[in-house]
Amino acid sequence: MNVELTTDITAQDLALLQKLYEASFPPEERRQWQQIAAPKAPRRPELHAIIADGHIAGMITLWHFDRFVYIEHLAVNPELRGCGVGSDAIKTLIEKVGGKPVVLEIEPPVAELPLTVARFKFYSRLGFSTIDRSYVQPPYSPELPSVALHLLATTPLPAGSTAATLHREVYNA
(Lines give C-alpha, C1' and ligand atoms only; values in the text may rest on other atoms or scores of the structure.)
Protein backbone atom coordinates (compact mmCIF):
# COMPACT_ATOMS: atom_id res chain seq x y z
CA MET A 1 0.00 0.00 0.00
CA ASN A 2 1.39 3.41 -0.98
CA VAL A 3 0.97 5.89 1.90
CA GLU A 4 1.55 9.65 1.64
CA LEU A 5 0.96 12.71 3.83
CA THR A 6 -0.49 15.88 2.33
CA THR A 7 -1.72 19.27 3.48
CA ASP A 8 -3.55 19.74 0.16
CA ILE A 9 -7.04 18.85 1.40
CA THR A 10 -10.32 19.50 -0.43
CA ALA A 11 -13.46 20.70 1.36
CA GLN A 12 -15.04 17.27 0.77
CA ASP A 13 -12.02 15.48 2.27
CA LEU A 14 -11.99 17.93 5.17
CA ALA A 15 -15.55 16.91 6.02
CA LEU A 16 -14.51 13.22 5.99
CA LEU A 17 -11.54 13.98 8.25
CA GLN A 18 -13.77 15.85 10.70
CA LYS A 19 -16.07 12.83 11.02
CA LEU A 20 -13.08 10.53 11.54
CA TYR A 21 -11.59 12.90 14.14
CA GLU A 22 -14.80 13.18 16.14
CA ALA A 23 -15.37 9.41 16.03
CA SER A 24 -11.78 8.60 17.02
CA PHE A 25 -11.25 10.82 20.07
CA PRO A 26 -13.38 11.47 23.16
CA PRO A 27 -14.26 15.14 23.78
CA GLU A 28 -11.61 15.55 26.49
CA GLU A 29 -8.89 14.55 24.01
CA ARG A 30 -9.78 16.82 21.13
CA ARG A 31 -9.83 20.50 20.30
CA GLN A 32 -12.57 22.29 18.42
CA TRP A 33 -12.45 21.24 14.76
CA GLN A 34 -12.26 24.86 13.54
CA GLN A 35 -8.94 25.23 15.37
CA ILE A 36 -7.61 22.46 13.15
CA ALA A 37 -9.41 23.12 9.89
CA ALA A 38 -9.40 26.94 9.69
CA PRO A 39 -6.44 27.83 7.46
CA LYS A 40 -5.78 31.17 9.14
CA ALA A 41 -6.54 30.28 12.74
CA PRO A 42 -3.79 31.44 15.08
CA ARG A 43 -1.90 28.80 17.04
CA ARG A 44 -3.33 25.86 15.20
CA PRO A 45 -1.84 22.46 14.43
CA GLU A 46 -0.85 21.53 10.91
CA LEU A 47 -3.38 19.10 9.45
CA HIS A 48 -2.10 16.32 7.19
CA ALA A 49 -4.37 13.90 5.38
CA ILE A 50 -3.06 10.36 5.17
CA ILE A 51 -3.51 9.13 1.61
CA ALA A 52 -3.32 5.38 0.95
CA ASP A 53 -3.39 4.25 -2.66
CA GLY A 54 -4.88 7.58 -3.69
CA HIS A 55 -7.71 7.68 -1.12
CA ILE A 56 -8.19 9.43 2.24
CA ALA A 57 -7.14 6.92 4.89
CA GLY A 58 -6.69 9.07 7.97
CA MET A 59 -5.20 12.20 9.46
CA ILE A 60 -2.34 13.53 11.55
CA THR A 61 -2.20 16.89 13.32
CA LEU A 62 1.29 18.25 14.03
CA TRP A 63 2.98 21.06 15.87
CA HIS A 64 6.52 22.06 14.89
CA PHE A 65 8.80 23.31 17.65
CA ASP A 66 12.51 24.13 17.69
CA ARG A 67 13.53 20.90 19.44
CA PHE A 68 10.83 18.45 18.35
CA VAL A 69 7.68 17.76 16.33
CA TYR A 70 4.54 16.91 18.29
CA ILE A 71 1.80 14.62 16.97
CA GLU A 72 -1.36 15.87 18.60
CA HIS A 73 -3.70 13.42 16.86
CA LEU A 74 -3.38 10.38 14.61
CA ALA A 75 -6.49 8.66 13.31
CA VAL A 76 -6.87 5.98 10.64
CA ASN A 77 -10.17 4.96 9.05
CA PRO A 78 -11.47 1.96 11.02
CA GLU A 79 -11.64 -0.29 7.95
CA LEU A 80 -7.91 0.32 7.30
CA ARG A 81 -6.64 -0.20 10.86
CA GLY A 82 -4.22 -3.08 11.09
CA CYS A 83 -3.26 -2.76 7.41
CA GLY A 84 -0.04 -0.79 7.98
CA VAL A 85 -1.45 2.65 7.12
CA GLY A 86 -0.69 4.16 10.54
CA SER A 87 2.80 2.64 10.66
CA ASP A 88 3.61 3.86 7.16
CA ALA A 89 2.26 7.34 7.96
CA ILE A 90 4.45 7.60 11.09
CA LYS A 91 7.51 6.32 9.19
CA THR A 92 6.85 8.86 6.42
CA LEU A 93 6.52 11.63 9.00
CA ILE A 94 9.75 10.64 10.77
CA GLU A 95 11.53 10.68 7.42
CA LYS A 96 10.03 14.10 6.51
CA VAL A 97 11.20 15.75 9.74
CA GLY A 98 14.76 14.66 9.04
CA GLY A 99 15.82 13.18 12.36
CA LYS A 100 14.07 15.72 14.58
CA PRO A 101 12.53 13.96 17.61
CA VAL A 102 8.82 13.20 17.35
CA VAL A 103 6.71 13.40 20.52
CA LEU A 104 3.18 12.18 21.27
CA GLU A 105 0.82 11.40 24.16
CA ILE A 106 -0.95 8.08 24.77
CA GLU A 107 -3.18 6.58 27.43
CA PRO A 108 -1.15 4.59 29.96
CA PRO A 109 -0.97 0.94 28.91
CA VAL A 110 -3.18 -1.06 31.29
CA ALA A 111 -3.68 -4.84 31.01
CA GLU A 112 -7.42 -4.47 31.69
CA LEU A 113 -7.69 -2.19 28.63
CA PRO A 114 -6.08 -4.21 25.80
CA LEU A 115 -6.29 -1.34 23.27
CA THR A 116 -4.02 0.78 25.48
CA VAL A 117 -1.43 -2.00 25.53
CA ALA A 118 -1.74 -2.51 21.76
CA ARG A 119 -1.33 1.24 21.17
CA PHE A 120 1.81 1.33 23.33
CA LYS A 121 3.28 -1.67 21.47
CA PHE A 122 2.43 -0.03 18.12
CA TYR A 123 4.40 3.11 18.98
CA SER A 124 7.23 1.11 20.58
CA ARG A 125 7.69 -0.84 17.34
CA LEU A 126 8.04 2.51 15.55
CA GLY A 127 10.88 3.60 17.85
CA PHE A 128 8.99 5.58 20.50
CA SER A 129 9.83 5.22 24.18
CA THR A 130 8.28 6.71 27.30
CA ILE A 131 9.86 9.92 28.55
CA ASP A 132 7.20 10.79 31.18
CA ARG A 133 4.75 8.43 32.91
CA SER A 134 3.24 11.17 35.08
CA TYR A 135 2.33 13.56 32.27
CA VAL A 136 -1.05 15.31 32.46
CA GLN A 137 -2.71 16.79 29.38
CA PRO A 138 -4.36 20.08 30.33
CA PRO A 139 -8.03 20.42 29.36
CA TYR A 140 -8.84 21.79 25.92
CA SER A 141 -11.52 23.99 27.49
CA PRO A 142 -12.55 24.87 31.05
CA GLU A 143 -15.54 22.50 31.13
CA LEU A 144 -13.39 19.47 30.23
CA PRO A 145 -11.13 17.48 32.58
CA SER A 146 -7.38 17.15 32.33
CA VAL A 147 -6.21 13.68 31.23
CA ALA A 148 -3.44 11.54 32.73
CA LEU A 149 -1.31 10.28 29.83
CA HIS A 150 2.19 9.07 29.01
CA LEU A 151 4.54 11.18 26.93
CA LEU A 152 6.54 9.25 24.31
CA ALA A 153 9.33 10.34 21.97
CA THR A 154 11.52 8.88 19.24
CA THR A 155 14.60 10.35 20.96
CA PRO A 156 15.08 10.83 24.71
CA LEU A 157 14.12 14.40 25.59
CA PRO A 158 13.91 16.16 28.97
CA ALA A 159 10.38 15.42 30.14
CA GLY A 160 9.93 18.66 32.10
CA SER A 161 10.82 21.10 29.34
CA THR A 162 9.01 19.02 26.70
CA ALA A 163 5.83 18.99 28.79
CA ALA A 164 6.23 22.72 29.49
CA THR A 165 6.42 23.46 25.75
CA LEU A 166 3.29 21.42 25.06
CA HIS A 167 1.35 22.99 27.92
CA ARG A 168 2.30 26.51 26.88
CA GLU A 169 2.07 26.25 23.08
CA VAL A 170 -0.56 23.56 22.46
CA TYR A 171 -2.88 23.90 25.45
CA ASN A 172 -2.32 27.56 26.42
CA ALA A 173 -1.85 26.39 30.01
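Asn172 is located in the segment that follows helix H5 (159-170); helices (H or I, at least four residues) and strands (E, at least two) are DSSP runs, numbered from the N terminus. The model is predicted, so local features need pLDDT of at least 70 and side-chain atom pairs count only at pLDDT 80 or more, while totals for chains, interfaces and linings use all residues. Residues are numbered from 1 along each chain as its sequence is written, and side-chain values use heavy atoms, with hydrogens and water left out.

**Positive phi at non-glycine residues**

- Asn172 is not a glycine, yet its phi is positive, at about 55°.
- Asn172 is exposed, its relative accessible area being 56%; buried means under 20% relative accessible area, exposed over 50%, and partly exposed in between (1.4 Å probe, protein chains only).
- Asp53, likewise not a glycine, has a positive phi of about 50°.
- The loop between S2 and S3 holds Asp53, which is partly exposed with a relative accessible area of 45%.

**The sheet**

- An open sheet of mixed pairing is formed by 7 strands in the order S1-S2-S3-S4-S5-S9-S6; two strands pair if DSSP finds at least two bridges between them.
- Strand S1 (3-6) and strand S6 (129-132) are at the edges, and each has a single partner strand, so one side of each is left without a neighbour in the sheet.
- From one strand to the next, the twist averages 35°; axes are lines fitted to C-alpha atoms, for helices over the stretch in contact, and angles run from 0 to 180 degrees between N-to-C directions.
- Strand S2 (residues 46-52) pairs with strand S3 (residues 55-64) in the antiparallel sense, over 7 bridges.
- Within this pairing, Ala49 stands opposite Met59 in S3.
- Helix H1 (residues 11-24) packs on the sheet, where it touches S2, S3 and strand S4 (69-76); contact means heavy atoms within 4.5 Å.
- The direction of H1 makes about 75° with that of S3.

**Ile90 and its surroundings**

- Ile90 belongs to helix H3 (residues 85-96) and is buried, with a relative accessible area of 0%.
- Apart from neighbours within four places in sequence, Ile90 is in contact with Ile71, Leu74, Tyr123, Leu126 and Phe128.
- Between the C-alpha atoms of Ile90 and Gln18 there is a separation of 20 Å, the two residues being 72 residues apart along the chain.
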